[in-house]
Amino acid sequence: MTQAFAASSDETMQQPTVRVVRQTRSSLIAFAVSIALLVAVASMPLWASQGLIRDVVELCCYVTVAQMWNLLAGYGGLVSVGQQAFVGVAAYAMFVMAQLWGLNPFLAVPLSVIVPAVVAAITYGLLHRLDGPYFAIGTWVVAEVLRLATSVFGYVNAGAGMSLRVMSSYSPMERAVGISLLSALMLLVAVGGSYLLLRSRYGLALVAIRDNPVAAASQGVNVGLLKFLIWVAAAVGTGLAGAIYFMAQLRITPPAAYSPTWANVSIFIVMVGGLGSLEGVLIGALVYFVADRWFAQYGATYLVVLGLLTLVMALFARGGLWGLIQKVTNASWFPTRRILLEDKP
Amino acid sequence: MQWLDGLIQGILLGGLYAQYALGMALMFGVMRLVNITHGDLVILLALIGISLASTFSMGPWSVLVVLVVLGAVIGVILQRLILNRVVGADPLPSLIATFGLSIALQNAMLQIWSADTRSLEGGAIVHASFQLGPLFVGVLPVIVLLTATVLTGGLDVVLRSTRFGRALRAASADVEAAALTGVNPKTVYTGATAIAVAILGFAAVFQSLRSTVAPADGAFQLIYAFEAVIIGGMGSIWGAFLGAMALGISQSIGFRIDPGFGILAGHLVFLAILALRPQGLLGKG
């Protein structure tokens, strides 16, 4: 961790110099592992099969959507059950740009996040008037409105949905390279970006808001503005995941694009993994991904267990699996705390 | 003429929505929490009612009595086992807990009753109608509206003038101060949830008599109840009733403009209220 404790004491009394330590040994290891994983994801076309690439892209999308929900609920104090709104509008925006306007689809993915940002900015103006739990159901209404409106919108082929036929002009290798690079970029932005955000002074302000908005405001934090910005940022991240997910699917329909499953999955991942921590999201996403592969064949029973597990976590283990791990060992992968150390000369 | 018909049908539809909304207004007013399983409980009670009716060949009115009692029991269990542990200033635990329960309930119902849509056999009354000027009005929807009115009025009287109602209002104003004056919050909370779910027993019977129910329908009932409460004005029982009417009318008129626009029209009216009058129709401020 640091050599400060090992330093021998000196007889001369001095004003102790205090040092702020942000990194720990575990975080340096995690940093190296993260870089390696990012490189692995980006280079998938060189070593992975088509099936594995598809699975990893899906996992990256879950991690991103869940991490955005974690930013909202775990830090911004905004509980949303309507994140599928942003998945849907971004995915549809990507399909429109690529299929109808003839834009390069790999360029359309990053461009498509403009739409969820605009939708988020507009809806926040309405939704922020709702209190706590009502805010959550308000987000669901927004998602429903967008689903219904898309279903009657002839320009995007209404309820019948669209296919991304332009992708057939790229070879499978080109597609694999594009989608792998986009997935790596998405992970970098979602996890790396969140980490940088939480380490910055805005991260401190967010934690202060989560713990007590009134006290945070009294310390000079602009609570309203910060909540608005985190809401828009989360919409952008969620939208990016939606655009990449449906690029891999090659087909989109309103019920799939605006499926409440997105909210279910992010809530499950964050609550089981651990609310308010980056590590928890990664653990939760992995748990969900493995469970989905192994138990999805049991259909409804599997979902009953998933729901009950979420309930049990909310009742008895709010910190999720990461919270339980933290009780045993305090080896943070992505530390956002500041540790004060006294330098002894 | 079709607009007048739309208006009348909308008010009648609002009667059903009011039965969804009353319990939500009561629970939010008292505990500041939203029970995400609200709609799923309507469906659960309806499916139990349909099974009871076919197994024991019970009529709809005896099913109603059973479901209201069962609803109250479910309410007590829900409060004791789950909601009492998550009620508090932070909205997250109660939302997540009931959200998880909602997913579990929906899928459990899917296992037991399959995804088929079902409805309750009500005999002649379901199809009976009478003429009102140039319009035909169904007898059942009128019964639904009357029931909703009586339930709203009854709940209002209970809140205004009974000992329990005073305890409820005290707990909703300031739970700690209420506890100081001898009100037991847990008892009050349990009572509120029991009443809320018991009212859903009425909603379940009328929903399954008027149309159909399927395990995944609960989300819509939850959203309609929520919209009615917000349109009407939070914390007001008659507001929830009025909001339900506004929602029913919007949907009914919307359906007559375009069948694909009905539900959307209801949502849009809700968003418009949020933009123009966020405190709701009867809300103060």
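**View 1. L250(A) in the loop between α11 (223-249) and β3 (251-252) of chain A.** In this predicted model, L250(A) sits in the loop that joins helix α11 of chain A to strand β3 of chain A. Its backbone carries a positive phi, near 70°, although leucine is a residue other than glycine. Most residues other than glycine have a negative phi.

**View 2. A158(A) in the loop between α7 (132-151) and β2 (162-163) of chain A.** A158(A) is found in the loop between helix α7 and strand β2 of chain A, and its phi is positive, at about 45°, even though it is not a glycine. With 15 other C-beta atoms within 10 Å, A158(A) is therefore described as partly exposed.

**View 3. The contact between chain A and chain B, seen from the residues of chain B.** The contact draws 35 residues from chain B and 32 residues from chain A. On the side of chain B that touches chain A, at least two residues come from each of the helices α3 (60-86), α4 (91-113), α9 (218-232) and α11 (262-276) of chain B. The helix that gives the most to this side is α4(B), which supplies 16 residues. When the residues on the side of chain B that touches chain A are sorted by class, 26 are nonpolar, six are polar and three are charged.

Definitions and conventions. Residues numbered from 1 in each chain as written. Chains lettered and ligands numbered in written order. Predicted model: local features only at pLDDT ≥ 70, side-chain atom pairs only at ≥ 80, totals over all residues. Contact = placed C-beta atoms within 7 Å. Helix = DSSP H or I, 4+ residues; strand = E, 2+ residues; numbered from the N terminus. Nonpolar A, V, L, I, M, F, W, Y, C, P; charged D, E, K, R; others polar. Buried ≥ 20, exposed ≤ 12 C-beta atoms within 10 Å, placed from the backbone.
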